[in-house]
Amino acid sequence: MTVVHAEALQVRDRLADLGLSVERIEDALRRAEAERNFCTPLDPVSLPGNIFWGRTIRFLRESYLKAGWTSASPSNVPLLVAPTGDFAITASSGSPETGYAALTPSTRYQKGNAVLKRVEANRQLLLFGETDAEPEQHDTGDGIRTWFLLYHHSKTDQGTRLHAELSYPNDPSKRGKISSWYERIILPWIDFEGFTPFVDDGDDQGGIDIPIERLS
C-alpha cells in the first residue's frame, strides 16, 4: 500500500526528514515556469516542456548545492544527490492524476532504460535493504534510492495550475511508464494567473540511452 502525505504538516515534516522544504521546491518550480513562458507558439512544440524540466532540475540544484547536496548525471539521468549520498531526486512530467492524493499518477511519457533501472534499484532496496557487501564500481549517484519530482500543468479559467508531488517509485512498468509508488508527498498546487499551458508540448524522455559501439 502506498504511503501518502497530503496534510500540510505531514508534508512539511516528511520533506524536512529528507532535508527539503516546500518553499525551496516551489521556488524552483516558479522560476522554471517563468522561463517556460518565454516560449511562444512559434517555438518547437517540445521546447516549453524541455525548458521547464531542465530548469526545474537546474534551480533545485542551485538551491540545494549550498546545503551540501551534489549534482550527478549517471547514464545521462540528471540527479540532485543528498548530502548523505544514499538517495537522489530527479524530475519528470506526470499524468493528470499528479498531485491528487486519492488518485494514482504515472509519468507522462515512457522512460528509457537508464531511468527504469533506477526504479528497479528502488524496488530491490525496499525488498532487501542496504547491504554491507563491497559495492560494485558505479558512477556517482548509481545504486541509491531515487525520488521523482512529478509535475503536471492544467488549464484554469484564470490561467495555469501546476500540480506537483515528490514520490518514490517502487516498480518499473513493463510499458515504460512509472505508475507504482511506495511513498508520495503531495505538494501544494501553484496558480499562475494569465499564463496558458502548452498542452501539446513534450519534455524529458527520462534518461537518454546512448549506445556505445566499438569501431571496426
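E33 and R36 are both buried (under 20% relative accessible area with a 1.4 Å probe and protein chains only, where over 50% is exposed and anything in between partly exposed). Their side chains meet in a salt bridge, 3.0 Å from N to O; the term covers a side-chain nitrogen of Lys or Arg within 4 Å of a carboxyl oxygen of Asp or Glu. The two sit 3 residues apart in helix α2, so about one helical turn separates them. Salt bridges with shared partners also link R14, D17 and E183 into one network.

A word on the basis: this is a predicted model, with local features needing pLDDT of at least 70 and side-chain atom pairs counting only at pLDDT 80 or more, while totals for chains, interfaces and linings use all residues. Residues are numbered from 1 along each chain as its sequence is written, and side-chain values use heavy atoms, with hydrogens and water left out.

The structure holds 14 salt bridges in total.

The axes of α1 (residues 8-17) and α2 (residues 22-36) come within 9 Å and cross at roughly 90°; each axis is a line fitted to C-alpha atoms over the stretch in contact, with angles running from 0 to 180 degrees between N-to-C directions. The helices are therefore roughly perpendicular, a label for angles of 65 to 115 degrees. V11, R12 and L15 of α1 meet V22, E23 and I25 of α2, with contact meaning heavy atoms within 4.5 Å. That set splits into 4 nonpolar, no polar and 2 charged residues.

R12 and E23 form a salt bridge at 2.7 Å, N to O. Since R12 belongs to α1 and E23 to α2, the pair ties together parts 11 residues apart in sequence. R12 is partly exposed at 41% relative accessibility, as is E23 at 44%.

Between α1 and α2 runs a loop that includes G19, partly exposed at 40%. Beyond its neighbours within four places in sequence, G19 touches Y64 and W69.

Notes. Helix = DSSP H or I, 4+ residues; strand = E, 2+ residues; numbered from the N terminus. Parallel < 35°, antiparallel > 145°, perpendicular 65-115°, else oblique. Nonpolar A, V, L, I, M, F, W, Y, C, P; charged D, E, K, R; others polar.
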